[in-house]
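Q: Could you show me how to read this model, one feature at a time?

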Amino acid sequence: MRITIDHRTRYAFSEPQLRLVQALRLSPDDTNDQTIVSWRIDVDCDARLREARDGLGNKLTMLYADGPLESIEISVQGEVLTAGADGFVHGTAEPLPPAFYLRETERTRAGEALSAFVLAAVGEGGTAGIDAAVRAMHDRFTMAEDSHDPLRDAEAAFSDDRATGRELAQMLVAGLRSARVPARYVSGYRQAQSERCSPHGWVEAHLPDLGWMGIDPSVGARIDERYVRVAVGLDAGDATPVAGSRLGPGEEELDVALRVAVVGGNA
């Protein structure tokens, strides 16, 4: 599948900022399952961009901009070829062993109720257990619309009956780890029925002798060729597309516009 992405992030500030430093996890890698045909990041002001990789193997672009800045827009445009592999991902950058992704963070503390829920679904494990867990998580919640508000941690989100797609992913990560399954949060893009959508989050779970399997609790199934994988993390914070700091007073307003489409097909 040939997928095009147009992703624009704009910050407007109530007072001019003296300096901005942003960590951009916006660039996908070539893997056995996706090939980057073209990809570019543009900024609408005078800024320095420095390419690197973080400790998890993600492509990282550091952005430095000096003020005064009343606003900044970061735009990403790209085209990616994807292929389905029954949910499994191959050829990814793996600087850390799977056991690293058993670590608990503040955002992925499962609590007793979430742990028991996922453990009951996983059962004896294997691919069938992971498939059962992602279906159970999907069926447990009513989907809430994604927003720019901070995500609730896994335990707090599980106490509600509504959750965003990214909260579902973070809850499933927490629950799988409590069942001793290495799991990580994945950020990227998913081609959906609507051309306008939000950056997406899902989960990869590691199975011995099989590797990492991508699963999406927002749809209750494994990932397929509609997904473009960008970054991974212990939780959503590690894989945030745009994060950083600013030097200056006042408030900021965030606006995100995203279009994900299939070349030669319907979005």
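**Reading the model**

Q: Is Asp209 buried or exposed?
A: Asp209 is exposed, its relative accessible area being 83%. Here buried means under 20% relative accessible area, exposed over 50%, and partly exposed in between (1.4 Å probe, protein chains only). Keep in mind that the model is predicted: local features need pLDDT of at least 70 and side-chain atom pairs pLDDT 80 or more, while totals for chains, interfaces and linings use all residues. Residues are numbered from 1 along each chain as its sequence is written, and side-chain values use heavy atoms, with hydrogens and water left out.

Q: Where is Arg180, and what is its phi?
A: Arg180 sits in the loop between helix 4 (165-178) and strand 7 (183-190). Its phi is positive, about 65 degrees, although Arg180 is not a glycine. Arg180 counts as exposed, at 59% relative accessibility.

Q: Which residues does a cis peptide bond join?
A: Gly67 and Pro68, with omega about 10 degrees. Pro68 belongs to strand 4 (residues 59-82).

Q: How do I read a buried residue such as Ala163?
A: Look at its accessibility, then at its neighbours. Ala163 has a relative accessible area of 0%, so it is buried. You will find Ala163 in strand 6 (residues 162-163). Leaving out residues up to four places away in sequence, Ala163 touches Phe141, Thr142, Met143, Ala144, Arg152, Leu168 and Met171, where contact means heavy atoms within 4.5 Å.

Q: Which residues have the most contacts inside the largest nonpolar core?
A: A nonpolar core is a set of buried Ala, Val, Leu, Ile, Met, Phe, Trp, Tyr and Cys residues joined through side-chain atoms within 4.5 Å. The largest has 55 residues, and Leu114, Met171, Leu176 and Ile215 have the most contacts inside it. Another core, of 11 residues, lies apart from that one and includes Leu56, Tyr101, Ile223 and Tyr227.

Q: How much of the protein is buried?
A: Buried residues account for 48% of the 267 residues. In outline, the protein has four helices and 13 strands, and its C-alpha atoms fill a box of roughly 55 × 40 × 35 Å along the principal axes.

Technical notes:
Helices (H or I, at least four residues) and strands (E, at least two) are DSSP runs, numbered from the N terminus.
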